[in-house]
Amino acid sequence: MTRKVVITGLGATTPIGGDVPTMWKNALKGVSGAHTLEDDWVAKYELPVHFAARCSTPALEVLSRVEAKRMDPSTQFGVIAAREAWADSGITEVDHDRLAVAFATGIGGVWTLLDAWDTLKEKGPRRVLPMTVPMLMPNGVAAAVSLDLGARAGAHTPVSACASGTEALHLGLDLIRSGKADVVMCGGAEAAIHPMPLAAFSSMQALSRRNDDPEHASRPYDLDRDGFVMGEGAGALVLEAEEHALARGARIYAELAGTSVTSDSYHITAPDPEGLGATRALKAAMFDGRIQAEDVVHVNAHATSTPVGDKPEYTALRAALGTHVDNVAVSATKSQMGHLLGASGAVEAVLTVLAVYERKAPLTINLENQDPEIPLDVVTSSRALPAGDIVALSNSFGFGGHNAVIAVRSV
Amino acid sequence: MASNEEILAGLAEIVNEETGLAPESVEMDKSFTEDLDIDSISMMTIVVNAEEKFGVRIPDEEVKNLKTVGDAVSFIAGAQAA
């Protein structure tokens, strides 16, 4: 008998809200978190992209100065989201040897790494501070969360570019099902709004260049989409073995019914145009959760707003769900908060869980002329999800051909 | 050249920045590890910041001899005088 895994705590810090209640209120209202960057480095380095979606609440408004000093900005976001999720779960006592962490990042401590390199060049090796290594390592966020919670059943860091956050949930589910842990703090964190990643993503033509209109730049499924908007932040979810949650009388948001990870083995960055890897991931997650296409009422799509990325996901959804795809309410929440890279899957998982729990789908904004090659039922105005037993899916795909899907079932 | 009082005040500021300890708790007879609970990574950060602030070099092998705040103040004062 497979252990059932439920979600009992949610946390987030994002461009459309520094906590879950604010983010959720805005996600249902439809707001843009993208704004022109005021930093002097935009002009200094003549960056082709002048905007991004920064977290609406700066980390230093939440963490103490001393605490923040020892963390890369990505870890700061991760710890903020994890603390909110932990408090939200209401867990007061836990066997720390049965508490694990699966906290992802796509890039890791890029600010710390590049600041230290600048310091080395300008001031020499003596000025490169001793905390540099633990701050830049990609497992820094998982380690910090583990320290914060006293989690001693392993602290893991799945890294699969923009699929990382979703892969963390895949790992978390496995840890509980296989009996290695009873509770897992899962999540993803990213803080890469730095001139170098902006230049690098620009150079591969991945970012929108709608510099005169940042709020309308992220427009998944729109004919005029021209790339994604760089976002930042973190999402966190407390996964718990059902019997553990029931024993303490926990509020259960939903069941994490199934997850999957597949790899395209097609191209290092381009998605398989037929969406074959994504199709296999969708089918595998549904198989894992014993889900029929007809059970699915909502999808939080990966939908980054790139010209080449949005369509193969549609192809995959149609292949996996058949004609039932026409009855599914699809939300592309990156339209509001941009692309949080390795954090996106975790934040979108939080939104997917809330959609199932509250029976409401978050909005897709900026869809003015829907691409006729992507005839999905996109949620652009308030939409209630049906009563009864429902399932929602959330997709994430990453450079490297990583595909990860989670399936969330109502309880 | 700074007076011992000025060095102490500057050091207290660095310690506060790194650890959040109140500057007035950084007193001459306080031990960095026993009294101020400063770990080795924080200590190295404080040393590096003190080097920049006071324009001196504190060799790595010297750091282990700086048990108290007073030890550090004396070393910095001596290094500035040298």
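How many salt bridges are counted between chain A and chain B? The count is eight, a salt bridge being a side-chain nitrogen of Lys or Arg within 4 Å of a carboxyl oxygen of Asp or Glu.

The model shown is predicted, so that local features need pLDDT of at least 70 and side-chain atom pairs count only at pLDDT 80 or more, while totals for chains, interfaces and linings use all residues. Residues are numbered from 1 along each chain as its sequence is written, chains are lettered from A in the order in which they are written, and side-chain values use heavy atoms, with hydrogens and water left out.

**View 1. The contact between chain A and chain B.** Here 10 residues of chain A are in contact (heavy atoms within 4.5 Å) with 18 residues of chain B. About 1,300 Å² is buried between the two chains, 44% of it on carbon and sulfur atoms; buried area is the accessible area, taken with a 1.4 Å probe, that two parts lose on being put together, summed over both. Of the area that chain A buries against chain B, A:Arg70, A:Arg126 and A:Arg127 supply 47%, more than any other three residues.

**View 2. The salt bridge of A:Arg126 with B:Asp60.** The side chains of these two residues meet at 2.6 Å, N to O. The side of chain A that touches chain B divides into four nonpolar, no polar and six charged residues, where Ala, Val, Leu, Ile, Met, Phe, Trp, Tyr, Cys and Pro count as nonpolar, Asp, Glu, Lys and Arg as charged, and the others, Gly among them, as polar.

**View 3. Domain 1 against domain 2 within chain A.** Chain A is divided into domain 1 (5-247) and domain 2 (259-409), with bounds that come from an automatic or database domain assignment. The contact takes 66 residues from domain 1 and 61 residues from domain 2, and the centres of the two domains, taken over C-alpha atoms, are separated by 20 Å. Between the domains about 4,800 Å² is buried, of which carbon and sulfur atoms give 67%. In domain 1, A:Trp24, A:Tyr221 and A:Arg225 lose the most area to domain 2, together 19% of what that side buries.

**View 4. The salt bridge of A:Arg225 with A:Asp371.** The two side chains meet at 3.0 Å, N to O, and the count of salt bridges between domain 1 and domain 2 of chain A is four. By class, the side of domain 1 that touches domain 2 has 34 nonpolar, 21 polar and 11 charged residues.
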